Structure formats: C-alpha cells, structure tokens
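Please keep the sequence and the 3D view open while reading.

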Amino acid sequence: MKSLFPPAETDLLLYCLLLGVTVFYFAFLPVSNEVLGILTLLWSTALILRLKDLLDFSDRLKRAGHYDYSEQNPSLSLPQNILSQLSHEQYMQRGLTALRSLRFPSIFWIICGLLFAAWGTMMTLFPAIPAPIPAFKNSLDSFVEQATGVAAQTYLYALMTVARRLCILFLIGSSLWLGQSYAYRSPSKTLQLYYIFLLILAFLVNFANENFSILLIIDLSKVSPCGYGWESLNLLQEMKLAPRPLTSASLRALELGSAGLALFYFPLCMNTLSLLRISFDDYERAASAVKGLLVLSILFFSDLYLAASEQMTALWISGWAVFSPYWMRSHRYVRKK
C-alpha cells in the first residue's frame, strides 16, 4: 500500500547528480549562457518537484491527523504490523524533518537572497557614475557597444548581465534549500563524504587559481553606498579604477557598493551568531552547529582572501550543500512533554 510519505531516494540521487555536474562545470569549464540556462532549467525542475512533494505531504498530514498504519492493514500479523508501523514512523519523521525547510529559519535565507538580487539588479541597470570622470557614461556605452555590437542605451547588455547573475544566484540558493529539504539524510556518511569532496575540490581549484590576495585590496572607506553594477570589473580595470587581482569581497564592493556588502554579509553574520549561541547553549545540537560554523569559516576565508573568478560559484554551491544539513539539524524543533 502507498505510504503517506514515500521515500525520496530517487529525488535525492537526482539532486546529488545535478549538484556534482554543476560543481564540476563551474570548476573546470568556461561558463556559457546556453549551458547556464540549461542548468537553471534543470535546477528549477528539481526545485518545483521537491516543493510539490513537500506541499502534498503537508496537505496529507493535515487531512490524516494521527495516521495509524496498522489500521489500514488488518490482515497483517502482529510482527508485520509492528514492522509496518516502525517503517511508517520512519517515513513520517523524514517528512516532518523535510517540512522544516519551509519554516522561517530557512525562508530567512531566501528573503535575504532576494533582497541582494534586487539590489544587484538595480545597480547593474542604474550604475553609479564616478564624479571625477565625466566621460564615464560615454566610455561605458562605447565599451558595451564594442563588446556586444549593441548600443548600451537599449539596456540589452545590462539585462543579459542581470539574467546571468540571477541564474547563478538561483543555483546557489537552490543548492542551499534543496540540501535543507534532504537534511533527514544527513546521518548518511556516504552522502556527507560526497558533499565534502565537492567542497574540497572546489576550494582547491580556486586556491590554485590564485595565491592569497590582500584582504579587501580596495579602501572600503572610499566605497560609496552604490556600485558600478555586475560584470563591470573589466571596464573599471581598463580605466585604472580597480587593481588586479581582486578578492570576491573587493569585487562585490566595487560592483554593489557598501550597501551590497551589507546585504551580503548581514544574513551570514546573523546566522553565524545563531550557530554560536546553539553551540554553547544546546549540547544535543552543538555538534551540528560547530560543523556548520566550520563550513561558514571556509566560505568566509575564500570570499575574503581568494581571487574572484567564475570558479568561485562552484565553491558557493558546494559549500551551501554541505552547510544546509548542519543548519537544519542545529535548528530542529523538539518539544519535550
């Protein structure tokens, strides 16, 4: 008989396969708009199917109330009923754990991501113009027209840039949320090792790409609240407005300004403080919180010290995939009677 919440092994395998393909692609191959669009479509499909499964389970749970599996199988013997009940309880626990990905601690990441994406979009479509350089706008238009063959006034290039960056942000956010929805599988050592392997691989690729860079090469005191927009680095370096190389944090400061930095680091800092509190106050969840803090430390270190490149996307995707089960397990809701 069909269970209330059937096992999601097939969905989980597809997620792991998609995660591995995406990390390897960003780590070792040049990123094209066509492949990026295909990956976005695949991740969207996986996200929609997973969300549908969770909403279906939530609806069944509301309608069923306390579901007694043995009552649906009166022909089973007592041992069979006990085994069936245990199996059903296991599925129920997995389903309830997965539903936690729809609660506020998880939704908080989505809200912050949307705000960051909205700010980046606005800065790209309406970039700041440095006051000392009156010809900046004309140079920008000329550079864009020469690179794309399209007049900058049409905003086509800016829209393509926004679409490209939004797709990358979507892939990173999807890896985080889907990882949270599969957190019930986190005790699997094989799955943990797979996630960690992808993270180490992405980290080593980025580490080999450039030796340590100076922390925030640019002077943050001179960074305005607004920035020059996504993918404006080449133009800024040609105009001697940006040094080489840049860390990811430095590049973000140039592209999105100090406001963009604040939107990016605010959720990271808030959730770091949350994990620190849990690691000291709750013994049962301390191990997961400490592991989550370790993953965040790797991401912070990479963002502040490693050179900015498209390969960093592989690190963010794999890093959030590793982090998500620890985040969910450290924020599980347990009520003692």
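The protein chain has an accessible surface of about 17,700 Å², and 66% of that surface belongs to carbon and sulfur atoms; accessible areas come from the Shrake-Rupley method with a 1.4 Å probe, and for residues only the protein chains shown count as cover. The model is predicted, so local features need pLDDT of at least 70 and side-chain atom pairs count only at pLDDT 80 or more, while totals for chains, interfaces and linings use all residues. Residues are numbered from 1 along each chain as its sequence is written, and side-chain values use heavy atoms, with hydrogens and water left out.

**Overall make-up**

- The protein chain contains 11 helices and zero strands, where helices (H or I, at least four residues) and strands (E, at least two) are DSSP runs numbered from the N terminus.
- Along the sequence the pattern reads α-α-α-α-α-α-α-α-α-α-α.
- Of the 337 residues in the protein chain, 45% count as buried, meaning under 20% relative accessible area (1.4 Å probe, protein chains only).
- Among contacts between residues at least 6 apart in sequence, 84% join residues at least 24 apart; a contact means heavy atoms within 4.5 Å.

**Helices α9 and α11**

- Helix α9 spans residues 248-281 and helix α11 spans residues 312-330; their axes come within 12 Å and cross at roughly 20 degrees.
- Axes here are lines fitted to C-alpha atoms, for helices over the stretch in contact, and angles run from 0 to 180 degrees between N-to-C directions.
- The two helices, α9 and α11, are therefore roughly parallel to each other, a label for angles under 35 degrees.
- On the α9 side, the contact is made by S248, R252, F264, L268, N271, L275 and I278, and on the α11 side by M312, W316, W320, F323, W327 and S330.
- The residues of this contact divide into nine nonpolar, three polar and one charged; Ala, Val, Leu, Ile, Met, Phe, Trp, Tyr, Cys and Pro count as nonpolar, Asp, Glu, Lys and Arg as charged, and the others, Gly among them, as polar.

**Residue T313**

- T313 lies in helix α11 and is buried, with a relative accessible area of 8%.
- Leaving aside residues up to four places away in sequence, T313 touches F26 and I168.

**Residue W177**

- W177 is found in helix α6, residues 156-181, and is buried at a relative accessible area of 7%.
- W177 and W109 are 68 residues apart along the chain, and their C-alpha atoms are separated by 8.7 Å.

Key: Angles under 35 degrees count as roughly parallel, over 145 as roughly antiparallel, 65 to 115 as roughly perpendicular and the rest as oblique. Buried means under 20% relative accessible area, exposed over 50%, partly exposed in between (1.4 Å probe, protein chains only).
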